[in-house]
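Have the sequence and the 3D view open as you read.

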Amino acid sequence: MTNSPPRRRRRAQLRRRVALAMLPALLCAGSPAPAGAAGAAGVRGPAPAAVRGGVPGAPKPRAFDAAPARAALERLLPRHAAQFTLVPDPAAGADRFTVSGPAGAITVRGSTGATLLTGVGWYLQHIAGADIGWPGDSIGMLPARLPAVPAPVTRSALVPHRYALNDTDDGYSGAYRTFEQHQRQIDLLALHGINEVFVQAGAEYPYYRALQGFGYSAAELRAWIPGPGHQSWWLLQNLSGFGGPVSERLMRERAELGGRIAEQLRGLGMTPVLPGYFGTVPPEFAARNPGATTVAQGDWAGFDRPDWLDPSSAVFGKLAAAYYAEQRAVFGDSTMYRMSPLHEGGTVGAVDVKAAAGAVQSALHAAHPGAMWAVLGWQDSPKRELLAGVDTSKLLILDGLSDRYNRLDRETRWGGVPYAMGTIYNFGGHTTIGANTSVWIDRFGAWRTKAGSALKGIAYLPEATGTNPAAFDLFTDLAWEPGPVDQRTWFADFAGRRYGRPDKEAAAAWEELRTGPYSTSSGLWSESQDSLFTARPSLAAVGAAYWSPKSMRYPADSVRRALEHLLKVDPALRGSSAYRFDLVDTARQALANHSRVLLPKIKAAYEAKDLTRFRELTAQWRDGERQLDAVTGSDPNFLLGEWLSAARSWGADEAERDRYEYDARSILSVWGRRSTSEGGFLHDYANREWSGLIAELYAPRWAAYFETLEEALVRRAAPREIDWHAYEEDWARRTTRHPSGANGPNGDPYTLATAVAAALKSSEGAAR
């Protein structure tokens, strides 16, 4: 990244904000802010109109600087950026772009910096026939001179809110990512039409600073705040402390990172969605703060939830004001804040939920007048009492269940409160292909246009991002396509641009994937099944994650046939990162699906006491795991080493590096302590087929299990019991190194995928 003088100045400003925030708190419990305190904390002036993201009552848009969009364009298309002219056009109306121009001289006019990039994305998709996916791209196939736009094309967003990122994204996509990785994510989101992005990095810092004015020492708070990999659930009021303690240096650096992310979003006219304050406090808060009323929140998956400070109490208002002041000092202001009180349970106690909700919103508006409160629609949240207590014109429900269940009537359920149709097609970062895409297409149009519709947006909410590039492309397209989307046509067009130009074998591959994993139905699940290779060993295993599908959600042969077609794609198209990722991902999925064929056979051999057949089948299982580790090891997106080295890079000494590596390893395996792993059924919730993880945890775990079964057959006795939590905890405590960086991938993806296809074909033949 070029470190231009303006960018250096912005970074210096952010560092000064963090440094200022480290001074003795300007706001003490019960003390008003001194005159000029906000300015001393480095507060910017009013946010640009583009930042307001369509908030009702926002002033008329004014001119904006296209330089951040130009910088993003140069990052995305370094060889072709000079052929684009980006023209700010705030008077065009909210969320609108126009693309025109002859060959080699493309002009994009847009109402915000992000909308300019969305126009570039539309051009690449519909005119140039190239894809910049998440992950993988085919820009290397673009001609030296970009093709002309036959006639000017104008598109406007169909909905004002295009929200992205689940509360869990930081935990499951990587809490230890660099600014450059977050910047790439923002560039991709803008390219695909998103205008509101959740910012979690550094969210612990305002808590840390504010609570020191309410009777807590710095050391107590560092022990209460979890490691970065588990902070997502702390912000949701589900847990505290695990994976820590965190260092003050780490919190300062994460706060600086979060501030830079927020600045990056503002520069593009996107809304940084910041965590709001709704009452999470450390133990003994009421005892240390007279007049405060707290409610113990009970258990969440084996963790003690943090206490909830009754928002109706006067102390809440003081703490919320201190929190928002500290947050403003580092992150600046926004017009949207995320809060989900009573997420996945919790205890109301004697709290009046209606009054509490009103107090939470009042505290938000005292700090940020008119700001939007974004709340997750999940399980029974938001509760009717919460909705009754707030100004719902300043509330947006992010519906996490839009594509999961049937017979949904959101207007009736939420009383006409504005909501965004969302999707959570990925849980825990599983490396599994598929989504209920036909459900998205059918419901978005019908829900948006029905009489009395309250649908005002889309919400891209997979628990982890960076998987399923087709799903990302299609879901975000919904908000910009003026007519109904035809699923078959969309996937055919996607296949035509994904590798740089149309290819009949690529088209056939994506048609198999469309009719298989990308055409699953609603009713019970919004994600595809995970792999049995990643499951805790048992002959009765039906899935790895307890909370995921227990059986195949589509015909397994569709993925195997897709793999065979991808292997026949024109050799001239095989050099792109998009092709390599898709080839590896499809081979991986074909092997994962085969695990569901093999395990029942192994079970049958064991129960028949057929030792020869048992050994033959378990050898096939080991071969499958070996191939799985090898093929995933050929692509940088499937390397355990990347995940672990990122975590270690944030430590200042060996002990701190080891602590953060445990934070990163534990969430992939045991998730938390024994009570969480076993009683809360969270072990392997974040399973994923990554090279290194397969070879070091999953394969040895199955080998240990099969060894006990073989011993039992030989000795004609019951198999030995294995303490799986202890086994997995031992792995989580390791600090073994794994390949990462430029030298991380190993092996040729095409050769390895060819071997997978041959092995599956041989296995199919043997079965017949």
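## The second largest cavity

Let's start at helix H6, which supplies the largest share of the lining of the second largest cavity, 3 residues. This is a predicted model, where local features need pLDDT of at least 70, side-chain atom pairs count only at pLDDT 80 or more, and totals for chains, interfaces and linings use all residues. Residues are numbered from 1 along each chain as its sequence is written, and side-chain values use heavy atoms, with hydrogens and water left out.

The second largest cavity has a volume of about 130 Å³. It has 14 lining residues, and those closest to its centre are Leu165, His182, Gln185, Phe198 and Gln200. Two or more residues of this lining come from each of helix H5 (169-173), helix H6 (179-191) and strand S6 (196-198). By type, the lining splits into 7 nonpolar, 4 polar and 3 charged residues.

On a 1 Å grid over the protein atoms alone, a cavity is a set of points where a 1.4 Å probe fits but cannot get out, while a pocket is an open set with protein on both sides within 12 Å along at least five of seven lines; lining residues have an atom within 4 Å of a point. Volumes are the space filled by probe spheres set on the points, with grid points joined across faces, edges and corners. Helices (H or I, at least four residues) and strands (E, at least two) are DSSP runs, numbered from the N terminus. Nonpolar covers Ala, Val, Leu, Ile, Met, Phe, Trp, Tyr, Cys and Pro; charged covers Asp, Glu, Lys and Arg; the others, Gly among them, are polar.

The structure has 6 cavities of 30 Å³ or more. The lining of the largest cavity divides into 7 nonpolar, 6 polar and 6 charged residues.

The second largest pocket comes in at about 1200 Å³. Its lining counts 46 residues, and Ser173, Gln181, Gly466, Pro636 and Asn637 lie nearest its centre. H5 and H6 turn up here too, each supplying at least two lining residues, as do helix H21 (577-607), helix H23 (640-648) and helix H24 (654-668). H23 gives the most to this pocket lining, with 5 residues. The lining of the second largest pocket holds 17 nonpolar, 20 polar and 9 charged residues.

## Salt bridges

Side chains of opposite charge can pair when their charged atoms come close. Counting a salt bridge as a side-chain nitrogen of Lys or Arg within 4 Å of a carboxyl oxygen of Asp or Glu, there are 52. One of them joins Asp95 and Arg162 (2.9 Å, N to O). Asp95 sits in the loop between strand S1 (84-88) and strand S2 (96-100) and Arg162 in strand S5 (residues 161-164), so this pair ties together parts 67 residues apart in sequence. Both partners are buried (buried is under 20% relative accessible area, exposed over 50%, partly exposed in between, with a 1.4 Å probe and protein chains only).

Another salt bridge pairs Glu661 with Arg737 at 3.0 Å, N to O. It links distant parts of the chain, with Glu661 in helix H24 and Arg737 in the loop between helix H27 (724-732) and helix H28 (749-767), 76 residues apart. Glu661 counts as buried because its relative accessibility is 0%, whereas Arg737 is partly exposed at 48%. Both belong to one network of salt bridges with shared partners, together with Arg648, Glu654, Arg657, Asp658, Arg665 and Glu696.

Trp134 and Pro135 are joined by a cis peptide bond, with omega about 5°. The peptide bond from Ser381 to Pro382 is also cis, with omega near -5°.

Asn468 has a positive phi of about 55° although it is not a glycine, and Asn468 is buried at 1% relative accessible area. Lys609 has a positive phi as well, near 60°, but Lys609 is exposed at 65%.
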